[in-house]
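Colleague: Could you take me through one part of this model up close, and spell out your cut-offs as you go?

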Amino acid sequence: MATTPSIGTSCTQSQDLQSPLLSPSTNDEINNMDAEFNTLEFDTNVTENGKRKLTSDVWLHFDKEKRDGGRFVDVHVGVSTGGDLSLSQKPTSSPIYTQLMAPCKLNSTVSFGHGDASVSRSEPENGFSDSLSLFHSEKAVQELLQQTPVQGSDDHLIEFSEALRTVAKALRRAAEGKAAAQAEAAEWKRRFELERTRNLQLEHKERSLRENSGDFEGGRLEKSTNGPVLCNQANQHFEEGCLERICSHEVLRDVQPVLDCNMPNRIMRKASFKLSWRCNGENSDQHKHDIVYFERGNITTAERSSKQISLKWESNPQTVLILTKPNSTSVQILCAEMVRWLREQRKLNIYVEPRVKVELLTESSYFNFVQTWKDDKEMLLLHTKVDLVVTLGGDGTVLWSASMFKGPVPPIVPFSLGSLGFMTPFHSEHYRDCLDSVLRGPISITLRNRLQCHVIRDAAKNEYQTDEPILVLNEVTIDRGISSYLTNLECYCDDAFVTCVQGDGLILSTTSGSTAYSLAAGGSMVHPQVPGILFTPICPHSLSFRPLILPEHVTVRVQVPFNSRSPAWASFDGKDRKQLAPGDALVCSMAPWPVPTACSVDSTDDFFRSIHDGLHWNLRKTQSFDGPRDL
Ligand SMILES: NC(=O)c1ccc[n+]([C@@H]2O[C@H](COP(=O)([O-])OP(=O)(O)OC[C@H]3O[C@@H](n4cnc5c(N)ncnc54)[C@H](O)[C@@H]3O)[C@@H](O)[C@H]2O)c1
Ligand SMILES: Nc1ncnc2c1ncn2[C@@H]1O[C@H](COP(=O)(O)OP(=O)(O)OP(=O)(O)O)[C@@H](O)[C@H]1O
């Protein structure tokens, strides 16, 4: 009988906790996450002349499932056909967006003598809390790794021993990832508790406010009652753990009553809306996910995701925030005209920036009804009051408005009053028709992903977790600033070393930003609905450094090495430059709060229109019919 090596494996997956799908507000997710375990089994029933045979590659793969609007990812490792190695996972319904560790690949014929090799572990009740079993499993992995590779003449045995070491290394990496995930989950849980307490307080406040003001009658009351119903629905969903992710419940939740300062007895509430996915021109409430099937070595994707999104108002929008490019007389004139029209013809509440309110009041005291905010704290609550944002300016004004929302962003309707306007498909001359059609709905929207960036100081390595991330819609750039030395930036994708950038710098861009600085640095143009992170060097001092596009779920770390000749500088959508000293790092991943911008037609049509009109992309005179011809 052969010996039976036994490894208590730890989970072979690491959770991407930066993902939008693990938001601080989903306790269920955190709990479900605890319940995921894998068993590694070497089933050695197949023998061939006394030799064990692993006939195929070992695959790690995603198996996504949709349920109740959440995303579900199961992870399995198995040998595709007739093989012996399988790493399976007990069925999970965790809506965690899971990111796999590096695939371990065995492509070998192994000899076991004639014994049964079985590597397994029993399932603990709670993966994260079962530190004892984690300890044992890691110890077992360590032991396996420390074993001297099998020496001798039996090739198969040697190969199997190497295979085991590969698996053990992979398991160790996974265990490390898990430990990090555990810490991060605890942090999310803490934030969730904080948010829940805050929301309960606000709900309580709202209830007492409603009890105290018994005179909400008429149409306004009708509208205002929509809020709590929605809020309850959202909370109910939230509690059941069935989150319609696309329509973030943060947007829908309406727990913060805002008194209308012009009519003090009225409460302003956010309009509710519904997002649906458009597939082949049809509207559907279902988001079709990529589902990967894996059976006997055949991988198929049955459904594709549809990213054409349609927004339909369920109650009328009532509050519009108008943001304008400064120092422009034409913008100022248009703004005043639009405010007047929205108020008189459409009976809407209007918010503007403090600067604009001053400008309007200088023009006329008529604009007294226009609302604004006092300080940053109030500004950060705007998303709870505003149904729609209108921008008057160029792309810079869209970037500016996105930067005002550190969390969920209301739909933005960008009017073009700049020179270029990749993100501004609406023409200001037709603002009445455009706004009417947006207010009526339904409208197509582009969900533009943002990147969230943390600067980690070498001097205070642990502080970044408590800092608010900096959100960018276009890109974060790390460059040499005023230094004349080459930048020297070490880049990691998750924990894998990517490269060392020596040149003028590096751009980490969203796909929306792909037509901005990244394009000028040689990056590809990417449709804004493609989820991904562009990794574009700036003037690299190496002929072979081509730009990359990384998947959306990765975390990129750019580290200024201690031996760097000079500091580097990070800037966020071209603003807020921050120095990165040797030892400092910038960590960047996809943010959970995209920027929804209204489309003139739809996101694809608008994208092509912008690259044709804005860049004159591939504009060339068509060849004439005359001349030599191959017939
Ligand atoms: N060499 C370059 O091309 C270069 C250099 C620095 C900054 N930028 C871009 O400028 C942006 C800041 O814009 P701003 O308006 O505040 O500064 P800005 O007023 O200096 O304008 C920069 C230009 O970039 C254009 N732009 C901005 N976002 C775009 C996008 N997503 N697609 C296509 N073009 C876009 C603007 O329309 C404008 O013409 C940065 O995020 C960066 O992408 C480009
Ligand atoms: N509301 C605002 N408050 C402060 N700064 C703003 C605001 N809106 C825009 N900006 C800044 O003003 C600058 C110019 O804005 P924008 O890009 O919209 O106009 P533009 O330069 O005329 O347009 P384009 O870039 O298409 O030529 C940008 O740097 C932007 O960040």
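Modeller: Strands 13 and 14 make a hairpin with 2 residues between them, and R296, in the turn, has a positive phi of about 50°. The two strands, residues 292-295 and 298-301, run antiparallel and are joined by 4 bridges; V292 sits opposite T301 of strand 14. Strands here are DSSP E runs of at least two residues, helices H or I runs of at least four, both numbered from the N terminus, and pairing takes at least two DSSP bridges.

This is a predicted model, with local features needing pLDDT of at least 70, side-chain atom pairs counting only at pLDDT 80 or more, and totals for chains, interfaces and linings using all residues; side-chain values use heavy atoms, without hydrogens or water. Residues are numbered from 1 along each chain as its sequence is written, while chains are lettered from A and ligands numbered from 1 in the order written.

Now for ligand 2: 15 residues surround it, the closest being T324, K325, G394, T397 and S419 (a heavy atom within 4 Å counts as near). That shell splits into 3 nonpolar, 8 polar and 4 charged residues, with Gly classed as polar. Helix 9 (residues 395-404) gives the most, 3 residues.

As for polar contacts (N or O pairs within 3.5 Å), a backbone N or O of T324 is 2.9 Å from a ligand 2 nitrogen, a backbone N or O of G396 is 3.0 Å from a ligand 2 oxygen, and a polar side-chain atom of T397 is 2.5 Å from an oxygen of ligand 2. Alone, ligand 2 exposes 610 Å², of which the protein buries 71% (Shrake-Rupley, 1.4 Å probe).

Definitions and conventions. Polar contact = N/O pair within 3.5 Å; in protein donor to acceptor, adjacent residues only side chain to side chain.
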